[in-house]
Amino acid sequence: MGANIDLIFKIAGVGILTAVLHSLLKHAGKEDQAQLATLAGVAIVLMWVIDLLGKLFDQVKTVFRLF
Amino acid sequence: MEITQIVGFGLVAAVLVIILRQYKPEIALLVSVAAGIALFLAILGKIGAVIEVLHDLSRRANVNMVYLGAILKIVGIAYIADFGAQVCRDAGEGALASKIELAAKILILVLAIPIVMAVLDILMKILG
C-alpha cells in the first residue's frame, strides 16, 4: 500500500514537471522541444503504469487461476 | 484498519488527478489508472483468501473442480474487462469500452458452455 502511494506521487510529480517544462519551453520560443519534453514525460509515466499493470495482471492470474 | 487507508489513498489520487487534468489530461488519466490498480492490488490478498476457502469447501463437498475453476475464471475475466472498460470510459472512449465488454461477454459465454452442457446432460438423464 505504502509503495503504491509513492508511485502515485512520483507520477503526479513527473506530470506537473512536464507541464511546467512545456510552458517554460513554449515561452522561450522553442515550441518543438516543448512537445518533445511532454512526450518524454508521458513516456516515463506510461512505463511505470504499464509495469504496475503487468503486476496486477500477474496477481489476478494467480488468484483467479486464469490461463 | 484497511478501509481508512484505502479511502485516504483514493481521495489523494482524486485530488492529484484534478490538479493534473488542467495541464496534462493524458497524465491525469494515467494517474487514475495507477491509483485504480494500486487499490485493487491492496485488496487482492483478501480475495485470494476467500477463494482458498471456496476451494476447501468444494473439495470437502467433492464438487467437481472443473466447475469452480470455470466460475473463478469467469469472475477474473469479468473483473479485468470491467477494469479496462471503465478506464476507457474515463478517457472518453465509450465505443472502445463497449467493445471490451462485448469481447468479455463472448469469452464468458465460451467458458460457460461446458457447464451448460453438463446441466443439459443431467436433465436428459433424469427426464429421458
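Trainee: Is Lys46(B) buried, partly exposed or exposed?

Mentor: Good place to start! This is a predicted model, where local features need pLDDT of at least 70, side-chain atom pairs count only at pLDDT 80 or more, and totals for chains, interfaces and linings use all residues. Buried means under 20% relative accessible area and exposed over 50%, with partly exposed in between (1.4 Å probe, protein chains only). Lys46(B) has a relative accessible area of 47%, so the word for Lys46(B) is partly exposed.

Trainee: Which residue forms a salt bridge with Lys46(B)?

Mentor: A salt bridge is a side-chain nitrogen of Lys or Arg within 4 Å of a carboxyl oxygen of Asp or Glu. Residues are numbered from 1 along each chain as its sequence is written, chains are lettered from A in the order in which they are written, and side-chain values use heavy atoms, leaving out hydrogens and water. Here the closest N and O atoms are 4.0 Å apart, and the partner of Lys46(B) is Glu2(B).

Trainee: Where does Arg65(A) lie, given its salt bridge with Glu52(B)?

Mentor: The side chains of Glu52(B) and Arg65(A) meet at 3.0 Å, N to O. Helices (H or I, at least four residues) are DSSP runs, numbered from the N terminus. Glu52(B) is in helix H2 (residues 25–60) of chain B, so the pair joins two chains, with Arg65(A) in the segment after helix H2 (31–64) of chain A.

Trainee: How many salt bridges are there over all chains?

Mentor: Another one is between Glu101(B) and Arg89(B), at 3.2 Å, N to O. Over all chains, the count comes to four.
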